[in-house]
Amino acid sequence: MNIGKPDVETTEQAAKRLKKVAAATIVGSMLEWYDFYLYATMASIVFSKIFFDASDPAAASMAAFATFAIGFVARPIGGMLFGYFGDRFGRKKMLYVTFCLMGICTCAIGLIPSYAMIGVWAPFLLVTIRIVQGLGAGAELAGAAITSYEHAAANKRGSQGSWPALGLNLGLLLSSVTVYLLTLGGDEFLISGGWRIPFLLSAVLVIIGLWVRKKLPETPQFDRVEGSGAGAKPFKELFSTNIMGLGVVFFVAVGYNAMSYIFKTFSLAYLTQFKGVTANVTSLSVTLASMVAIVAVPTFGWLCDKYSSKKILATGGVLSALFAYPFIALLGSGENALIYTALIIGTGILAPMMFAPQGSYLSRQFSVQSRSTGVGTAREIGTAIAGGLAPLWALSMVASSASHPTGGVVLILAGAGLIVAVATLFDQGYRFSKHKN
């Protein structure tokens, strides 16, 4: 516990603290998802031509998209490692470290020489950087969500726990607008070297983020645990008292990320490779969806405070399952207006409806002593499995036949939404929180 820190915080001090927390958690999620959309876009359009042997376009395309999945391999390791350190040494320190890892790697991708210049070293460097980047990304969301949750008043945990989700969509908006502007004249500029610009420009976001996170205060809940001497063995605490909580977080992560990454990643590759849709159209669809999501996230956060994060999360899962077939049908039309509609509903409304509640819902599955370890471990294992494999699996099914069938993708989407809804039936939050959020 911080010596000399006043026991009672004034209203003005609390407002100042929460502004710092909001800025620090939102900007970190912005960087993670700024990179996410950039990488997904470039993997489907550029990387197969730049970093791989282009003599076999189909193989190069799958290899490029596979590097997106490889980044998920390191996420569980990062989630467990930095989650553990977050419970031992504090949320603030780990948020700073993970942001550094993500930021440096995002910039570094923009500096990798092409396959024509250095041969197989090009994909090797790309894969290596993605793995290191995955370590930081694996702990980023858990750390940001927990920090927001632990700084919040009991009746504001839903809305404040949604701050990382707001950062996600701000990152998507920023990156999609950037790609849209770079592709106004077609995809040729990206392929000829323009793709490097947004990766290098991320340095600005990194500098701002490091400055903001340096000013972030430690959470009051962790200060109390640290002062009491508890929390020295988070893994022991976790596995001896709350295996069920791990299961709840894992299955929420599997269901949500399978659906979310198909909405945001598979759709881009499918439209580009099988429907001949340009990056300009796909980037505009994500831009429009992100603009809607920026309004949807705080709305769903407010609803979490009013009705509970559990109810909003479960409702989002059911509605997403019902939207599975319409989503694929709208994409399959190849019509710009229908593509925009699909992404706005899926990415702009339904994904935020499932993601906004997670900051509070996942955090409340664990006690303070093991919260960072529990959320980081279970969520990132689920994310690695579903986020890395679901879009690749979906793309493989579509590519398996000359008719490019999408029925299997519909089943994945519907099943993912139902997994989220069913997982909420095993909520463990009542054990660690007296408040419904």
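A salt bridge here is a side-chain nitrogen of Lys or Arg within 4 Å of a carboxyl oxygen of Asp or Glu. By that rule, Asp-87 and Arg-91 form a salt bridge, with the closest N and O atoms 2.7 Å apart. The model is predicted: local features need pLDDT of at least 70, side-chain atom pairs count only at pLDDT 80 or more, and totals for chains, interfaces and linings use all residues. Residues are numbered from 1 along each chain as its sequence is written, and side-chain values use heavy atoms, with hydrogens and water left out.

**Salt bridges**

- The structure holds 8 salt bridges.
- Asp-87 and Arg-91 are both buried. Buried means under 20% relative accessible area, exposed means over 50%, and partly exposed lies in between (1.4 Å probe, protein chains only).
- Arg-371 pairs with Glu-150, with 3.0 Å between the closest N and O atoms. Helices are DSSP runs (H or I, at least four residues), numbered from the N terminus.
- Arg-371 is buried, with a relative accessible area of 2%. Glu-150 also counts as buried, at 2% relative accessibility.
- Asp-427 and Arg-364 meet in another salt bridge, at 2.8 Å from N to O. Asp-427 lies in the segment after α21 (407–423) and Arg-364 in the loop between α19 (358–363) and α20, so the pair ties together parts that are 63 residues apart in sequence.
- Asp-427 is buried at 13% relative accessibility. Arg-364 is buried too, with a relative accessible area of 5%.

**Aromatic pairs**

- A search of the whole structure finds 17 aromatic pairs. Rings of Phe, Tyr and Trp (its six-membered ring) pair if their centres lie within 6.5 Å; planes under 30 degrees apart count as stacked, over 60 as edge-to-face and the rest as tilted.
- Trp-121 and Phe-124 are edge-to-face, because their ring centres are 5.3 Å apart and their planes stand at 90°.
- Both residues of this pair lie in helix α7 (residues 121–151), 3 residues apart, or about one turn of the helix.
- Trp-121 is exposed, with a relative accessible area of 53%. Phe-124 is partly exposed, at 47% relative accessibility.
- Phe-266 and Tyr-270 form a stacked pair, 5.4 Å centre to centre with 20° between the planes.
- In helix α14 (residues 243–274), Phe-266 and Tyr-270 sit 4 residues apart, so about one helical turn separates them. Phe-266 and Tyr-270 are both buried.
- Tyr-39, Phe-47, Phe-51, Trp-195 and Phe-199 form one aromatic cluster.

**Positive surface patch**

- Lys-16, Lys-20, Lys-92, Lys-93, Lys-214 and Lys-215 form a positive surface patch. Helices α1 (11–45) and α5 (91–109) are the elements that give two or more residues to the patch.
- Patch residues have over 30% relative accessible area and no salt bridge; like charges are joined within 9 Å, and nonpolar side chains (Val, Leu, Ile, Met, Phe, Trp, Tyr) within 5 Å.
- Lys-93 lies in helix α5. At 52% relative accessibility, Lys-93 is exposed.

Definitions and conventions:
Areas by Shrake-Rupley, 256 points an atom, 1.4 Å probe, with all protein chains shown as cover. Lys, Arg positive; Asp, Glu negative; His and termini not counted. Charge placed at Lys NZ, Arg CZ, Asp CG, Glu CD.
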